[in-house]
Amino acid sequence: MSLESRIQTIRAFNRDVTERLGVLEDRYLARDRPLSLDRLLWEIGTEGIEVRELRSRLGLDSGYTSRQLRALEQEGLVVVSPSEHDSRVRRATLTPSGLAELAVLDRLSDELVGTILAPLTERQRDELATATETVRRLFTASTVAIAAADPSSEPARRAVDAYRRTLDDRFDGGFRPDRAVPTADDALRPPSGLFLLATLKDSPVGCVAVTRVDDTSAEIRRLWVSSELRGLGIGRRLLAAAEEAAASLGAGVVRLDTNRTLTEAIGLYRAAGYDEAAPFNDQPYAHHWFVKSLPGGGAGAPPGRVGFLGLGIMGLPMARRLARSGVGLTVWSRTPKSDDELKAAGARTAANVPEVFAQCDTVIVMLRNADAVDQVLRDVPGGLAHLVAGRTIVNMGTLPPEYSKALADEVESAGGHYVEAPVSGSRRPAEDGKLVAMVAGRPDVVRRTVALLDPLCAQITTCGPVPSGIAMKLAANVFLIALVTGLAEAFHFADRHGLDRDLLRGVLDAGQMSSPISRVKTAKLVADDLDAQAAIADVQMNAELIVDAAAAVGAGVPLSELCRALYADAVSRGDGALDMVGVVRTIAGGQQDHCR
């Protein structure tokens, strides 16, 4: 979805919500005041609130808040008076009439929500509740602001205290600040460093600090995110802001250390392109040390123009996202495609493969199998060695591990670089930028190319040397193929027992077995939607790769062997182009009408 499409979708959502909730009415919930005044009553609540906190919580200026409170005072619902603890601080409390009105508003608001839920099925009610919670969390994430702050300021001190309390809770044996390597406030002020504070409605919810080590490097410290906001990408934003701050201080390399108990932080650093390094300080609480080269910092500099080979079911939406992210993209496909969205985003279409390599420093390869890779990279004048010299190849397809390793050796022997980055996901995650990438290669090459994957992926995991990325992808596919095949068999079983498919979907989607992929696939099975997100022929190929790779190391994969035979039968039936849930037709004995 393009930026303009996202904007229009959210604007339409805003219109629908305000209309459905009656926000546009002068007499909200049939009372004698608009929603803005009722919202103040809810925020004041039964306990009262300081006026300055009320302003901060709702993002209102002083004059507007005073006028609104006066209107409520004139109705006899609110009293504004000096705080008993500090006469300089004003506090708003509800009168007995205000408390009674609050109870009425709560009842009427519950009834309004009840009218929204009443026409819906139980599953739709759960979907709506889940969707609203998602919207709340994302709205919260978009409200968080990150800005420089003085490390000695009161909000910064509160953030650092929270950071230390978190370490004390998480570390084995607790955390004692006096034992840690100290950081003076002056080291976190320009030109020596910077302290960044994340705030939500003026309250600190995260922080990170940067300090220069020498003329070329900086150290990142004190990365903390409130537990209430974890999972919203605030840590990634703080880390990116710290890297920008380090670059502004002239650093080409950043480094940091962390404790083994902070597994979320370790995952974040690895996903952000940090490589583990030898210990560079005497921090007693550190178990892991990481380094990363920054853009413009030599080996860590980002690649120039990027090529993309292969615009199939997965490749086309991936190329679209890259182009929309601002990457200078040149594309080529074995089956020529004219795509308006790629053109609108500025992507060039090359006439042939050598033209792609002539224009690009980094080339992403998203081809179906090893035969396709051979045809595309070797069947050119001068062969593979002529193409890849001085270039970085990022293979995002699923290839046999031994083939990928041999290809890496050949590319590097020719003076090029090779990175494995196979992805887990199908067409929809590719469209939404929610793929999971498993990256492998030389650390310095991975570091300077992994940023390319960010517009495509919800998670990027560095797995080690080639072919560990492919091996990790095949391990994930063992579970994926068995899961979706099991879903297809469950629906066939239900069909033969005369059960309603929609009811089965509701049971599966509501239970502990539910997952994003299972919910997508149950929906397709209910709708008899066999348009390919992941085609049966590709699943059969992956099952073959799994079985072959297992045999090479003596691993037992009995489920994968069964799936290989089942999907091979589906391909032989002529169903290879269908989505993998179409294997239900093969399970049902080849009679499509048996599936309903």
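Entry 1, the model. I worked on a predicted model, in which local features need pLDDT of at least 70, side-chain atom pairs count only at pLDDT 80 or more, and totals for chains, interfaces and linings use all residues. Residues are numbered from 1 along each chain as its sequence is written, and side-chain values use heavy atoms, with hydrogens and water left out.

I looked up helix α13 (residues 370–378) against helix α15 (residues 401–413) and found a packing angle of about 15° with the axes 12 Å apart. Helices are DSSP runs of H or I with at least four residues, and strands are E runs of at least two. The axes are lines fitted to C-alpha atoms over the stretch in contact, with angles from 0 to 180 degrees between N-to-C directions. The angle therefore makes α13 roughly parallel to α15 (under 35 degrees). I listed the contact residues (heavy atoms within 4.5 Å) as A370, V373, D374 and R378 of α13 and Y403, L407 and E410 of α15.

I took a nonpolar core as buried Ala, Val, Leu, Ile, Met, Phe, Trp, Tyr and Cys residues joined through side-chain atoms within 4.5 Å, buried being under 20% relative accessible area with a 1.4 Å probe, protein chains only. The largest has 50 residues, and F195, V210 and I220 are among those with the most contacts inside it. Helix α8 gives the largest share of this core, 7 residues. I then checked I220, which touches residues including V208, L239, V254 and Y274, leaving out those up to four places away in sequence. A second, separate core has 32 residues, including A437 and V445.

Terms used:
Parallel < 35°, antiparallel > 145°, perpendicular 65-115°, else oblique.
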